[in-house]
Amino acid sequence: MLDINHLSFNRDNHQLFHDLSVQLPDHQITALIGPNGVGKSTLIQLLTGELLPTSGTIKNRPKRIALLSQHNQLFEPLTVRELLALANDTLDPAVMQTLQLDALLDKEMTTLSGGQQQLAWLGFVLQQQPDLLILDEPTTFLDLHFQELFLKTLQQLQQERQTTVLMVLHDLNQAFRYSQNIWLLQQTGNLISAPATQMHHQVDLLSDAFKTPLQLIKSADQVILQPK
Amino acid sequence: MQKYYRFILAGLVLISVVIALLVGSTTISLAAVLHGQPDAWQLIINYRLPRILVAVISGALIGVSGLLMQVVLRNHLVDNSILGIMNGSQFLLMAILVIIPSMLDFNVVIGGITGILLTIAWFLVSPKNQAPLRLVLLGIATAMTFQALTNIASEGLGVPLPTLSTVDWSQVMQLIIMTILGCLLLIMIWPNLRYFALPTRQVKLLGIAEQKTTWFVLLAVGLWTGALTSLIGIVFFLGAILPEISRFMSPNKKSQHLIWPTALWGSLLLLNADTIARTILAPKELPTSAILLVISGPLFALMLIKGGYHARH
């Protein structure tokens with residue numbers, strides 16, 4: 001279990017995190033939420049080891065970490081197959097089938113729609129058979145259809161493989177619907193970790209964190225968070 | 001057509017070599033060569049062949065250097081001339097030869113070493129993660145500075161600048177050795193090059209030694225650039241243009257598969273530019289680099305105007 005101990009991080013004499021201690025639950029999806037500029041991407045860079053903490057430690061970092069961001073750049077004209085092969089030469093049939101990539105394999109990435117490209121990139125990170133999968137706002141540039149398709153597929157594959165997933169999301173309702181745990185990063189640099197079902201009802205806490213008055217609306221079988 | 005493309009290019013290079021052997025301030029007839037006329041053979045072996053070999057090898061090296069540099073820097077607007085490494089190694093070589101004139105016989109080897117030194121210095125000093133165009137401007141500032149220094153030293157001390165017209169067999173051999181050494185460096189990291197299609201972040205997470213790969217490529221490219229500059233002088237923009245010509249001809253190919261066409265286009269352009277330079281106003285000889293710049297300058301401008309895929313990313 002990824003274990004963050006008394007982590008502090010300063011950048012340009014500004015303290016982003018101070019004495020942060022939290023554990024990432026294994027084999028579950030955790031959604032990292034919080035307002036812009038609070039340091040979500042920085043926290044991810046600390047978890048992957050791209051940045052080193054000013055003080056404190058990150059223990060039990062898994063060997064294979066894969067990362068998918070909102071915008072993924074390619075510097076050569078690759079086909080989907082060539083991209084996937086960079087992660088692993090043998091294509092994983094289960095991944096191909098769930099992501100419906102079979103028909104796209106020999107298409108060039110640049111000829112695909114944004115949504116299809118993001119699914120191909122999801123294939124790329126899953127091909128790495130990661131112990132920890134980090135997704136940084138993976139649905140930001142997708143339309144509603146592909147947002148749902150992406151998250152549903154991710155959820156399905158996560159359940160089959162029991163991968164540990166940490167995912168930054170801006171849409172709070174998506175975060176609650178597709179994750180078991182929530183990490184709420186506050187403006188103060190504090191991180192609150194709680195099961196999604198519990199956090200869902202902390203309307204005041206969430207309103208405060210996003211500086212937006214929120215309310216819970218109960219419809220048929222769902223509970224939806226909305227700005228007042 | 002794509003299937004025969006490489007062979008057509010290679011054929012064109014061969015035809016250009018034959019033409020270059022025969023034409024010049026003294027035109028040699030094919031019959032004289034075939035009949036084994038001693039005068040004709042002497043002219044070919046002593047003067048034309050070494051010059052042609054240097055042009056063919058240098059053209060190929062300029063193309064491949066540009067291509068590889070673009071791959072590892074993930075920037076399709078750069079080459080060694082644009083980054084100032086050609087001008088830098090020319091100046092450094094000149095300085096060394098002024099201080100130690102006895103090294104003149106090994107000018108290509110010394111040139112290669114100065115190329116490596118310049119490349120290392122450039123990439124240690126230059127800031128990381130630059131926007132593509134900023135890197136280009138930084139490079140051009142470096143190039144212009146060294147160009148001015150070379151001009152001052154050359155005029156002031158009366159040191160002649162290298163031209164293809166003085167090439168001899170010893171230099172050809174030195175250039176061939178430098179070429180092989182560079183190839184050996186590249187073979188060691190060749191399998192890693194395909195990962196440069198991904199952003200640095202992903203390459204690191206895949207556990208590929210990106211930094212080591214980059215340095216091996218830069219060392220090979222620096223060695224080649226220094227060595228060939230000591231023989232042919234500065235050829236601006238050509239290294240950036242050649243990969244672009246190859247990409248234009250086969251748009252869906254990855255850079256690693258463009259090595260041969262880029263090398264062949266380089267040989268073809270440099271050799272024919274040199275043939276034109278020494279024949280068009282014969283016996284007066286024009287500078288080969290000027291002939292090339294007349295072609296490559298506008299093409300580079302066109303590349304920036306068109307922008308296209310590469311300039312934007």
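Modeller: Happy to! First a definition: two strands pair if DSSP finds at least two bridges between them. Helices (H or I, at least four residues) and strands (E, at least two) are DSSP runs, numbered from the N terminus. This is a predicted model, in which local features need pLDDT of at least 70 and side-chain atom pairs count only at pLDDT 80 or more, while totals for chains, interfaces and linings use all residues. Residues are numbered from 1 along each chain as its sequence is written, chains are lettered from A and ligands numbered from 1 in the order in which they are written, and side-chain values use heavy atoms, with hydrogens and water left out.

Colleague: In what order do the 6 strands of the open sheet in chain A come?

Modeller: The pairing in this sheet is mixed. Strand E5 (65-69) and strand E9 (191-195) of chain A stand at the edges with a single partner strand each, so one side of each has no neighbour in the sheet. The order in chain A is E5-E6-E7-E3-E8-E9.

Colleague: How many of the residues of E8(A) are buried?

Modeller: Buried means under 20% relative accessible area, exposed over 50% and partly exposed in between (1.4 Å probe, protein chains only). Asn181(A), Trp183(A) and Leu185(A) point one way from E8(A), and Ile182(A) and Leu184(A) point the other way. E8(A) is mostly covered, and the buried count is 5 of its 5 residues.

Colleague: Which residue in the turn of the hairpin of E8(A) and E9(A) has a positive phi?

Modeller: E8(A) and E9(A) run antiparallel and are joined by 5 bridges. The bridge partner of Leu184(A) in E9(A) is Ile192(A). The hairpin has 5 residues between its strands, and the residue with a positive phi, of about 90°, is Gly189(A).

Colleague: What angle does helix H8 make with E8(A)?

Modeller: Contact means heavy atoms within 4.5 Å. Axes are lines fitted to C-alpha atoms, for helices over the stretch in contact, and angles run from 0 to 180 degrees between N-to-C directions. Helix H8 (residues 203-210) of chain A packs on the sheet and touches E3, E8 and E9 of chain A; its direction makes an angle with that of E8(A) of about 40°.

Colleague: And the sheet of 3 strands: which residue stands opposite Asn5(A) in E4(A)?

Modeller: This open sheet has the order E2-E1-E4 in chain A, with antiparallel pairing. Strand E1 (residues 3-11) of chain A is joined to E4(A) by 4 bridges. Opposite Asn5(A) stands Thr57(A).

Colleague: Over in chain B, why does Asn75(B) count as buried?

Modeller: Asn75(B) lies in the loop between helix H3 (38-73) and helix H4 (85-99) of chain B. Leaving aside neighbours within four places in sequence, Asn75(B) is in contact with Gln70(B), Pro132(B) and Leu135(B). Asn75(B) counts as buried because its relative accessibility is 3%.

Colleague: How far does helix H5 of chain B reach from its first C-alpha to its last?

Modeller: Helix H5 (residues 107-125) of chain B has 19 residues. The expected span of a helix is 1.5 Å times one less than its number of residues. Here 27 Å is expected, and close to that is the reach of H5(B), 26 Å.
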